[in-house]
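Colleague: Please take me through this entry, and give me the cut-off behind each word you use.

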Amino acid sequence: RRALGDALRLAANYPRAAARIKSYEAQLAVRRNDRNAQKQALEEGLALARKADLPRVQALLEASLADFYLSNNEPEKARRLVEEALPLLQRFGEPRALRTARHNLAVALVRLRAFEAARAQIALIDQLPVGDDDVRGRAEELRELGEAWVQTGQAREALALYHTERRLTQ
């Protein structure tokens with residue numbers, strides 16, 4: 001924590017660096033399981049990125065904050081942030097962040113019961129590249145989507161994803 005404080009003081013006149021440090025601070029908060037500190041660091045980093053007109057950093061922080069909101073069962077906040085981040089992620093060519101953001105949008109839309117919009121996002125995700133060694137990440141995506149479908153009573157979709165995940169991991 002002390003090192004982060006020192007880094008932030010040194011970066012006071014460098015918004016890009018300060019926003020990045022806030023992102024690292026959020027990652028450390030995740031490891032400590034400190035949800036309040038994670039949210040605060042992400043929000044502060046996002047505010048710095050917006051103020052300094054750093055669209056790439058802004059988009060990455062929006063995507064991270066959207067992920068936080070999804071895990072906090074706030075799908076509407078997650079949806080809004082992801083929809084704001086997507087054009088920037090596409091513009092800056094952030095394939096992994098773009099895939100994660102689209103996935104989070106699909107989960108948020110399912111939770112919001114916007115099923116057709118969710119299916120459209122899932123179709124877009126299926127067109128995005130997956131790393132050859134990223135079976136675990138893809139399986140996690142399938143499980144998260146499946147859980148969202150179950151939560152909204154959509155057993156058919158959940159079961160289809162379960163079978164897809166099983167084929168992938170066996």
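**Words and their cut-offs**

Colleague: Why is asparagine 73 called exposed?
Modeller: Its relative accessible area is 56%. Buried is under 20%, exposed is over 50% and partly exposed lies in between, with a 1.4 Å probe and protein chains only. Asparagine 73 is over the 50% limit, so the word is exposed.

Colleague: What kind of model is this, and how are its residues numbered?
Modeller: The model is predicted, so local features need pLDDT of at least 70 and side-chain atom pairs count only at pLDDT 80 or more, while totals for chains, interfaces and linings use all residues. Numbering starts from 1 along each chain as its sequence is written, and side-chain values use heavy atoms, with hydrogens and water left out.

Colleague: How confident is the predictor in the protein chain?
Modeller: The mean pLDDT (the predictor's confidence in each residue, from 0 to 100) is 90, and 95% of the residues reach 70 or more. Among the elements, helix H1 (residues 2–10) has the lowest mean, 70, and helix H5 (residues 75–91) the highest, 96.

Colleague: What makes a stretch count as a helix or a strand?
Modeller: Both are DSSP runs numbered from the N terminus: a helix is H or I over at least four residues, a strand is E over at least two. By that count the protein chain has 9 helices and 0 strands.

Colleague: Why is the protein chain called as compact as a globular protein of its length?
Modeller: Its radius of gyration, taken over C-alpha atoms, is 17 Å. Along the principal axes, the C-alpha atoms fill a box of roughly 55 × 30 × 30 Å. Of the 170 residues, 41% count as buried.

Colleague: What does contact mean, and what share of contacts joins residues at least 24 apart?
Modeller: Contact means heavy atoms within 4.5 Å. Among contacts between residues at least 6 apart in sequence, 53% join residues at least 24 apart.

Colleague: What makes asparagine 33 and asparagine 73 worth a look in their backbone?
Modeller: Each has a positive phi of about 60 degrees although neither is a glycine. Most residues other than glycine have a negative phi. Asparagine 33 sits in the loop between H2 and H3, and asparagine 73 in the loop between H4 and H5. Asparagine 33, at 63% relative accessibility, counts as exposed.

Colleague: Is threonine 152 buried or exposed, and how do you know?
Modeller: Threonine 152 has 8% relative accessibility and therefore counts as buried. Its place is the loop between H8 and helix H9 (155–169). Setting aside neighbours within four places in sequence, threonine 152 is in contact with Val110, Arg111, Arg113 and Phe115. Glutamine 154 is found in the loop between H8 and H9 too, and, with that exclusion, is in contact with Arg113, Phe115 and Trp149.

Colleague: Which class does valine 135 fall into, and why?
Modeller: Valine 135 has a relative accessible area of 37%, so it is partly exposed. Valine 135 lies in helix H8 and touches Leu168 and Thr169, not counting residues up to four places away in sequence.

Colleague: How do you know whether alanine 37 is buried or exposed?
Modeller: Alanine 37, in helix H3, has 14% relative accessibility and so counts as buried. Beyond its neighbours within four places in sequence, alanine 37 is in contact with Ala29 and Arg32.

Colleague: What makes an open space a pocket?
Modeller: On a 1 Å grid over the protein atoms alone, a pocket is an open set of points with protein on both sides within 12 Å along at least five of seven lines; in a cavity, a 1.4 Å probe fits but cannot get out. Lining residues have an atom within 4 Å of a point. The largest pocket here is lined by 34 residues, with Asp67, Arg96, Ala97, Thr100 and Asn104 nearest its centre. The largest share of that lining, 7 residues, comes from H6.

Key: The radius of gyration is taken over C-alpha atoms; the globule rule is 2.2 Å times the number of residues to the power 0.38.
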